[in-house]
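Visitor: Please take one hairpin and look at it closely. Then carry on to the contacts elsewhere in the chain.

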Amino acid sequence: MSRQPLFVTLLAYCLGILLQDRFRFEIWLGLLLFIIFTFIILFSFIIKKAFLVKFRDVFLILSFFGFGCIVHYFNISDYQKLVLKGKHEVMFQVEKKLNSNETYRKYQAKIFKIDHRNSSVSIVLQIPKSTKELDFKHVYQSNLYFSELKSPRYNFQFDYPQYLERQKVSGLAFSNENILQASKKHLSFADEIKQKRLEVLQRISTSELNSRHKEFLKGIILADRTGMDDVTFSDFNKSGLVHLLAISGSHMLIIFWLILVIFKTVVPLKWRKLTICIALVTIWCFAIFIDYGSSVVRSCLMISFYYVTKLLSRPANLVHSMALSAFVILIWDSQQIFDVGFQLSYVAVFGIYWLNQPIIKCFPKRNNKFYKLIISIFSLSLSAQLTTLPLVLYYFHQYSLMSIIANLCIIPFSEIIIIFSLLMVVLFAFNVEFGWLDFIYDWFTNYLLKAIHWFADFDVLFFKNIGFNLVEMGAVFIILYYLRHILVKQNLKYFINFGFSVLLFLGIRLGFNFYHFRKDEILEIASFKNKTILIKEKSWVFVLTKDDADMSKSEKFIIGPYLASSRATKYQLIKVPKNNVGITYRGKFYKLND
């Protein structure tokens, strides 16, 4: 606690949010904890009793736990949910442009009038790609069809209604009719910025670049993966390089350092603090331009806190910067703690703090800059991937052993990739296009995507449908905790602790595997206008479905998640003619019509 007070209090605050979300405590409990223990802490500075001083850290933890309960209580209460079904006449405006699918464009829209009644809720709006693209300069009116969203019956399925609720979005609507539009009387600064970003995206779409490379450019700089094909996205995912498509800390650091390098050449050394301030302002302007993406805001906050301490001539501390940025985000919106990207970002940063230097010290020292660079990249990548591995397995149930090698080979070129892509976007923003530069970018991106595809093509090193639960995740984090100690101190005590933590994980995993192996069950899942029957027998799963069912969706949203949840290793697909009502399997009739 004395070494990392901010980090420990952050953990207490997060625990308060999680337990408040799980048990929905009354507000008085959080207020009671916060007020009582805050007063005890203040009282301990006035009357320095040994008991009060000794347990001051404990009181501080309990105070922040209560604070977390309070903040999340009000965050939940602030959400106004509007339950709608069927057809309604709606007036709305676009808030965000979301990633689309093969059929629909998606937007987050703000409804301000429904059936001639005032309203103020957000929805996810889907419109056919054949219709005109919506923008931020207009307000719209149309008849929307609201879909009733129900939480899934089984916990291995993605809970889309809960996901929308955490985003403070009320529901899902479709429009297949004409959408009337009218210009806004007053365009806010935020809308002007959003419209400018949309215009840049449209200019890239109409440029002479290769269509595949256009989408890569939009994704890597403007965080827009709307038109990216499934093959490209799958390549990034399977190679472990999907973080390149999320505007993350590496992007913001590269832009920050680029500004520092540019201004160092023109600004005297005595004004170095001014160059840091200019670089910080620049990355925040970039964050505003790409509509405050969650990962961008996280990165900007961490960089800002880290360098502000330097400006104040204080020793910079990565963990303090991380904790402060997390506090700001979670006080503003406590629901962010449930965002997978939020969790991965902060665990990766903490992993770099926890394992980076110990891993580097395992390599022999050499006075060679290239050698040091390679070791540094390898250590950063390995420490981040090791600490995020439990979360990746828990949420995505897949992992590629090729990802470490892919990151080691591609990350050294990330500065070139990001700076070149940023230059292209800046030129498009000013409506400037050079044919020769388009040619170079196409050539460069073509070979980059080929290299990523080559890494992703090692299917033998890609594992999917990996069963992994919360208890196993906790056991792996214990292993990572002791891993640092054996790398740093290398004494018998920590080797024994590390060995016991590994044995603990193996025992837990074998126990869960045995439990699921013995568990036989039959599940009926209504989805995509039909029913899917899952019959589990030991390590086998028999999947009964209609022969006209969309198997790509079934495998992605039903079969794959169930295999990971049940830890089954094999499945057999049994297709039933679409005219059949159902099928008799082992003496029992199963109805396949929803």
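Guide: In the hairpin of β2 and β3, two residues lie between the strands, and Asp115 takes a positive phi near 50 degrees. This is a predicted model: local features need pLDDT of at least 70, side-chain atom pairs count only at pLDDT 80 or more, and totals for chains, interfaces and linings use all residues. Residues are numbered from 1 along each chain as its sequence is written, and side-chain values use heavy atoms, with hydrogens and water left out.

Strands here are DSSP runs of E, at least two residues; helices are runs of H or I, at least four; both are numbered from the N terminus. β2 and β3 (residues 117-128) run antiparallel, joined by 10 bridges. Two strands pair if DSSP finds at least two bridges between them. Gln108 has Val124 in β3 as its bridge partner.

β2 (residues 104-114) also pairs with β1 (residues 86-98), in the antiparallel sense, over eight bridges. A hairpin of five residues joins β1 to β2. Across this pairing, Val94 stands opposite Ala109 in β2.

Now the helices. The axes of α18 (residues 470-488) and α19 (residues 492-518) come within 9 Å and cross at roughly 165 degrees. Axes are lines fitted to C-alpha atoms, for helices over the stretch in contact; angles run from 0 to 180 degrees between N-to-C directions. α18 and α19 are therefore roughly antiparallel, the term for angles over 145 degrees. Contact means heavy atoms within 4.5 Å. Among the residues making this contact are Glu472 and Tyr482 of α18, and Arg509 and Phe512 of α19. By class, the contact holds 16 nonpolar, three polar and two charged residues. Nonpolar covers Ala, Val, Leu, Ile, Met, Phe, Trp, Tyr, Cys and Pro; charged covers Asp, Glu, Lys and Arg; the others, Gly among them, are polar.

At 14% relative accessibility, Arg567 counts as buried. Buried means under 20% relative accessible area, exposed over 50%, partly exposed in between (1.4 Å probe, protein chains only).

One further helix pair. The axes of α4 (residues 56-77) and α12 (residues 318-332) come within 9 Å and cross at roughly 40 degrees. Phe64, Phe67, Val71 and Asn75 of α4 meet Phe327, Leu330, Ile331 and Trp332 of α12. Seven residues of this contact are nonpolar, one is polar and none is charged.

Note on methods: Angles under 35 degrees count as roughly parallel, over 145 as roughly antiparallel, 65 to 115 as roughly perpendicular and the rest as oblique.
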